[in-house]
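Dear colleague,

I am handing over the structure below, and after it you will find what I noted while going through it. Please read the notes with the coordinates open beside them.

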Amino acid sequence: MSADCGLRIADFQKLEIRARKSEGESPFLPTSMDWTPHPGNPQLLSPIRNPQSAIRNSTYLGLIILALGCSSPPAYVEADSFYFLNRPAEVLARYAPAEKDRESNALVGIDKMLSAAMLEGDWKNAERLAELASIRVNVFLSGEKGERDALSLLGQEKDKPFKGEPYERAMADFYFGLLRYRRGEYEGALNAFLSAMNKVRGTYQLPVEPDKARKGAPNAETVLFENRYSTFAFFAASSCQHIDEPEEARRYLEMAKQARPEMAALFDQGLDPRTNVLAVIEAGLAPVKRQRGERRQILAYSRGLSATVESVRVSGQPMSFGVSEDLFVQATTIGGRAVDKLNDVKASRQEALAAAGYFTTVAGTFIAFAGSANHNQNLQMAGLAAMAIGVGTMIFAEAAIDPSADIRAWNTLPDQIYLAFGSVEPGTHQVDIQAQNQFSGDLSQHWTDVPVSKDTTLLWFRLLPYRKGGVYPTGGAGPTGGAPEGPPAAEAGPPRT
Amino acid sequence: LARLSALLAGRSAVLGRSGWLVLAALVGCSSEQPTGTQEVLDPTATQKDVGTLVDISDIVEVSQRMVNSLRQSPQVASLIGKARPVRISIDPREVKNLTSMTNFSKRLFVNQMLASLNKNAGDDLAFIDREAVAAERERQLSGEVKPAGELDPASAGADLVLTGRILEKLDREPTGGGAVKEVRSVQFSFSLVQVKDALTLWSDVFYRVKQQVIGTVYG
């Protein structure tokens with residue numbers, strides 16, 4: 001601790017900057033008028049000896065320190081609405097601190113920034129963010145502080161560093177793959193698509209077979225679950241085709257067809273060398289996480305708003321399309337989570353503790369009454385003490401133990417993913433998507449200056465009510481303009497890695 | 001914050017009750033802040049924070065083991081005995097990463113391998129990197145720039161081509177309490193194939209196996 005009684009100028013500036021960031025242009029900030037250079041050391045500042053200003057300063061300073069010192073980690077939810085209003089720049093600006101955030105919610109912010117960067121058409125930034133997200137969803141540092149907290153009785157599931165549920169983790173890698181695929185880095189894209197496919201494998205609690213059920217036992221067993229996303233498998237197949245791995249391409253294509261037999265013909269068309277336009281159309285809103293159970297300890301889902309694509313045309317020419325993924329289905333077909341069991345244990349301990357507190361209170365009340373009736377002051381005091389302990393225990397059980405399921409979510413994900421394929425002359429085209437939401441609201445989009453090369457061109461569209469189209473983004477600025485990023489995928493040369 | 005505490009302590013006369021309350025709150029809520037001190041790390045040291053992904057130490061080790069194996073190959077030695085230097089084409093496109101590791105940089109791996117080979121090869125081996133000179137050759141051949149010397153329109157052919165595949169096997173098994181152990185076995189396989197007859201002169205396989213536990217809270 002410094003022996004100086006002054007505050008260094010640099011410290012003051014840091015404090016002021018930090019406070020202004022937290023509070024905006026807050027009236028609670030001390031102004032430079034209240035400080036003067038230290039008489040003995042010009043590098044130090046001393047407060048002006050004005051009693052009123054001193055009291056005000058101490059109060060303001062206290063409030064700032066209190067706000068800074070005790071603030072909870074940012075949740076990255078306050079700017080979500082900007083995404084749905086098709087204003088991605090605001091999302092990117094508001095959630096920017098997530099990149100350097102070391103707290104448990106950082107990935108919530110990074111994931112949403114990734115969505116926003118894609119919406120903005122800033123593919124380079126999106127890929128950078130996807131890489132950040134991918135590392136975080138792939139690396140598990142067992143026993144991290146937040147994870148330990150989440151496991152403890154007094155901890156909450158939301159204390160754990162957010163990685164998302166398996167479908168959210170898979171989407172981080174899927175976007176990473178898509179962004180690499182877009183610029184012709186097919187091998188890197190393949191790595192990411194395969195990584196996305198791995199995410200759906202996990203452990204889940206499923207009911208045991210009837211003959212194995214025992215009375216009073218949980219009758220659930222932990223099983224390894226493996227699912228297949230047809231979209232990821234299709235893109236893995238397409239990537240393999242581009243890097244001259246036909247055998248692997250066939251294998252992944254087969255996986256895609258098995259996951260969605262109704263799309264088999266469309267997937268074949270997607271891998272046809274004549275197909276040079278692949279469009280990914282994201283429709284609807286992400287599955288909504290809910291807390292179920294008496295103590296909100298079980299994670300459940302409800303479907304977000306959905307949307308339907310009616311037609312996709314490139315310069316008037318219809319493209320074949322179909323639903324290749326349903327994230328609500330992916331989120332809900334996995335059964336219960338292992339962590340729900342953990343939350344269940346917490347909930348039962350919370351109930352036991354609350355019950356113990358209740359009985360202690362009741363017993364204390366009787367003892368206190370008995371003491372009062374018998375004019376026994378000691379007995380009365382003992383009863384009152386027991387009541388206090390009981391009430392305290394009940395309050396503790398309710399306030400300190402939180403078994404609720406973690407519902408932090410990457411809510412800018414879509415409900416469904418459509419794939420559309422077409423074959424058009426290389427050049428600049430228009431793309432028209434006819435779509436509507438579940439309430440028949442129009443979600444159609446009209447895009448101009450869409451570059452299509454003779455080889456594969458990947459286009460990405462997001463259906464949102466306030467997103468009507470414009471000039472298709474090809475670089476680092478928004479959908480209505482900006483410098484082109486570089487050559488299209490076909491001219492971008494060999495894979496980078 | 002320590003300085004602020006000192007300030008608050010030193011100015012007790014003007015602080016009043018609110019200041020002391022704040023100080024108490026500060027003591028209760030303070031946490032360790034990163035200092036921003038620079039720390040130089042050993043790039044060849046194994047990173048513990050990449051889970052089952054391959055890190056730089058894996059790349060350094062595998063490439064070194066590969067070079068050692070190649071140098072000990074009697075077939076390669078025999079070829080060197082006939083004509084020195086033996087010309088090897090190393091093209092990153094001939095090394096394919098078919099794993100699900102999103103952080104793996106194949107270019108980094110090939111560079112490391114090339115550096116190790118160069119260090120050990122002496123005059124025995126020469127490496128051909130056509131990609132590096134393609135643009136300049138094009139400019140010189142088209143007359144856009146003056147050739148530095150005699151320029152052969154056909155660049156030198158290789159005696160051998162290095163090919164490789166990086167594959168993986170990912171296993172997950174439940175451990176106690178809903179946690180999952182993930183084991184990633186990565187196989188690096190490389191071959192030197194003779195151009196004139198497609199005979200494989202040398203091949204070897206190296207493994208890196210890593211594991212991580214996906215905790216119960218993520219299950």
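**The sheet in chain A**

In this predicted model, five strands of chain A make up an open sheet of mixed pairing, in the order β10-β9-β14-β15-β17. Its edges are β10 (317-318) and β17 (469-471) of chain A, each of which pairs on one side only. Strand β15 of chain A, residues 445-452, runs parallel to β17(A), and the two are joined over three bridges; within β17(A), the residue that stands opposite His446(A) is Gly469(A).

**Helix α10**

Helix α10 of chain A covers residues 230-242, and because 13 residues at 1.5 Å a residue should span 18 Å, the 18 Å between its end C-alpha atoms agrees with expectation. The helix is mostly covered, with 11 of the 13 residues of α10(A) buried; among them are the phenylalanines Phe232(A), Phe234(A) and Phe235(A), as well as Ser230(A), Thr231(A) and Cys240(A). Just after α10(A) comes Asp244(A), whose phi is positive, at about 60 degrees.

**A nonpolar patch on the surface**

On the surface, Leu153(A), Leu154(A) and Phe396(A) form a nonpolar patch, and their accessible area together is about 250 Å². Leu154(A) lies in the loop between α7 (145-151) and α8 (166-182) of chain A. Its relative accessibility is 48%, so Leu154(A) counts as partly exposed, given that exposed would require over 50% and buried under 20%.

With best regards

Technical notes: Residues are numbered from 1 along each chain as its sequence is written. Chains are lettered from A and ligands numbered from 1 in the order in which they are written. This is a predicted model: local features need pLDDT of at least 70, side-chain atom pairs count only at pLDDT 80 or more; totals for chains, interfaces and linings use all residues. Side-chain values use heavy atoms; hydrogens and water are left out. Two strands pair if DSSP finds at least two bridges between them. Helices (H or I, at least four residues) and strands (E, at least two) are DSSP runs, numbered from the N terminus. The expected span of a helix is 1.5 Å times one less than its number of residues. Buried means under 20% relative accessible area, exposed over 50%, partly exposed in between (1.4 Å probe, protein chains only). Patches are made of residues with over 30% relative accessible area and no salt bridge: like charges are joined within 9 Å, nonpolar side chains (Val, Leu, Ile, Met, Phe, Trp, Tyr) within 5 Å. Accessible areas come from the Shrake-Rupley method with a 1.4 Å probe; for residues, only the protein chains shown count as cover. A salt bridge is a side-chain nitrogen of Lys or Arg within 4 Å of a carboxyl oxygen of Asp or Glu.
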